[in-house]
Amino acid sequence: MPLEHLAIIGAGTMGHGIAYVAAAAGHAVALTDAEPERVPGAMEQIRRAFEKGIARGKVTAAQRDAALARIRAAGDLADAVNGATFIIEAIPENLPLKQALFEELDQLAADDAVLATNTSSLPVGQIARATERPGSVVGTHFFNPVPAMKLVEVIRAEATTDETVDRATEFARSLGKEPIVVRDMPGFATSRLGIVLGLEAIRMVEQEVASPADIDRAMELGYNHPVGPLRLGDLVGLDVRLAIADHLYQTLGGDTYRAPELLRRMVAEGRLGRKSGEGFYQWPT
């Protein structure tokens, strides 16, 4: 596929992870955030990721230098989307916040740009309705950690065109990922399945069935999962897990998606996982 000029809105874990793999694949990347002071830290995280790649023999110094030269820190949203052909939103899971951003993107982005959201559970169609071009809006749900995870879930809303879906799937393949295409339903495919396992693991901790480490080990060794559900929750962010659970409970109903009180208490106490230094595990800060 032709190389894209990528704009990534949001310099958090997902945003800088997508920027890393996109630049490594040859795409030009502009990275920005509503809090500009976050961007230098994200750029440093990307540089460190390339250094780790060199240490493991997966990236050469020349490849690192070329990839880093393809990423620029954009001063604001207008700067980031100027000339962009493919725009990925990677901001917090808050529907009004995303809708407000897409309303801005509708005014700023080129007419032929793909407007993609990295949402893990929110309705893509409702995000698209904030624009005058819903056919250009698609979900591109990446997984954490982005460099290691092979899947990209491409979410097709009712108005999303075939061309937009094709561009999103080809873009995912250009990064060395495997895309799947799913309908715009609550929880899509992966969040709906993953949250059930994650919530049940938390209930098992509540009931003192086993320690978090042993529950995770059961899934890693017994079911060949690369990461257990509790450690994965820490990596994703327990606040994100809670938001997804609440959204699915509100839209689908049933106790399956009812968040355990332990999860609510941990989020209220600020124990969010890796990003806060403590969740079901202790993390370096």
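**Working through the model**

Q: Let's start with a loop. Where is proline 145 found?
A: Proline 145 sits in the loop between strand 6 (137-141) and strand 7 (151-156). Keep in mind that this is a predicted model.

Q: What kind of peptide bond joins asparagine 144 and proline 145?
A: The bond joining asparagine 144 and proline 145 is cis, with omega at about 0°.

Q: OK, zooming out. How many helices and strands are there in the chain?
A: The chain has 12 helices and 8 strands.

Q: And what radius of gyration does the chain have, for its 285 residues?
A: The chain has 19 Å. A compact globule with 285 residues would have a radius of gyration near 19 Å, so the two agree. Along the principal axes, the C-alpha atoms fill a box of roughly 55 × 45 × 35 Å.

Q: What share of the residues is buried?
A: Buried residues make up 49% of the 285 in the chain.

Q: Give me one. Is leucine 235 buried or exposed?
A: Leucine 235 is buried, because its relative accessible area is 17% and the cut-off for buried is under 20%. Leucine 235 belongs to helix 10 (residues 229-236).

Q: How far apart are leucine 235 and glycine 279 in space?
A: They are 9.2 Å apart, C-alpha to C-alpha, while 44 residues separate leucine 235 from glycine 279 in sequence.

Q: And threonine 60 and isoleucine 8, what separates those?
A: Their C-alpha atoms are separated by 25 Å, and threonine 60 and isoleucine 8 are 52 residues apart along the chain. Threonine 60 lies in the loop between helix 2 (38-55) and helix 3 (61-69). Threonine 60 counts as partly exposed, with a relative accessible area of 41%.

Q: How many salt bridges does a search of the whole structure find?
A: The search finds 19 salt bridges. One of them is between the side chains of arginine 64 and glutamate 51, at 2.9 Å from N to O. Arginine 64 is in helix 3 and glutamate 51 is in helix 2, so this pair ties together parts that are 13 residues apart in sequence.

Q: Is arginine 64 buried or exposed?
A: Arginine 64 is buried, with a relative accessible area of 17%. Glutamate 51 is partly exposed, at 30%.

Q: What about arginine 64 and aspartate 65?
A: The side chains of arginine 64 and aspartate 65 also meet in a salt bridge, at 2.9 Å from N to O. Aspartate 65 is partly exposed, with 42% relative accessibility.

Q: Which residues are linked with these in a network of salt bridges?
A: The network links Glu44, Arg47, Arg48, Glu51, Arg64 and Asp65.

Q: Now helix 9. Where do arginine 217 and aspartate 214 lie?
A: Both lie in helix 9, 3 residues apart, which is about one turn of the helix. The side chains of arginine 217 and aspartate 214 meet in a salt bridge, with 2.4 Å from N to O. Arginine 217 is partly exposed at 40% relative accessibility, and aspartate 214 is partly exposed at 40%.

Q: Which residues form the positive surface patch?
A: Lys52, Arg56, Lys58 and Arg274 form a positive surface patch. Lysine 58 is placed in the loop between helix 2 and helix 3. Lysine 58 is exposed, with a relative accessible area of 68%.

Q: And the negative surface patch, which residues form that?
A: A negative surface patch is made by Asp111, Asp112, Glu163 and Asp166. Aspartate 166 is in helix 7 (residues 162-174) and is partly exposed, at 46% relative accessible area.

Q: Last topic, backbone angles. What is phi of glutamate 208?
A: Phi of glutamate 208 is near 60°, a positive value in a residue other than glycine. Glutamate 208 is in the loop between helix 8 (190-206) and helix 9 (212-222), and counts as exposed at 70% relative accessibility.

Q: What about phi of asparagine 224?
A: Asparagine 224 has a positive phi of about 65° and is not a glycine either. Asparagine 224 is placed in the loop between helix 9 and helix 10. With a relative accessible area of 69%, asparagine 224 is exposed.

Key:
Residues are numbered from 1 along each chain as its sequence is written. This is a predicted model: local features need pLDDT of at least 70, side-chain atom pairs count only at pLDDT 80 or more; totals for chains, interfaces and linings use all residues. Side-chain values use heavy atoms; hydrogens and water are left out. Patches are made of residues with over 30% relative accessible area and no salt bridge: like charges are joined within 9 Å, nonpolar side chains (Val, Leu, Ile, Met, Phe, Trp, Tyr) within 5 Å. Accessible areas come from the Shrake-Rupley method with a 1.4 Å probe; for residues, only the protein chains shown count as cover. A salt bridge is a side-chain nitrogen of Lys or Arg within 4 Å of a carboxyl oxygen of Asp or Glu. Lys and Arg count as positive and Asp and Glu as negative; His and the chain ends are not counted. The place of a charge is taken as NZ of Lys, CZ of Arg, CG of Asp or CD of Glu. Helices (H or I, at least four residues) and strands (E, at least two) are DSSP runs, numbered from the N terminus. Buried means under 20% relative accessible area, exposed over 50%, partly exposed in between (1.4 Å probe, protein chains only). The radius of gyration is taken over C-alpha atoms; the globule rule is 2.2 Å times the number of residues to the power 0.38.
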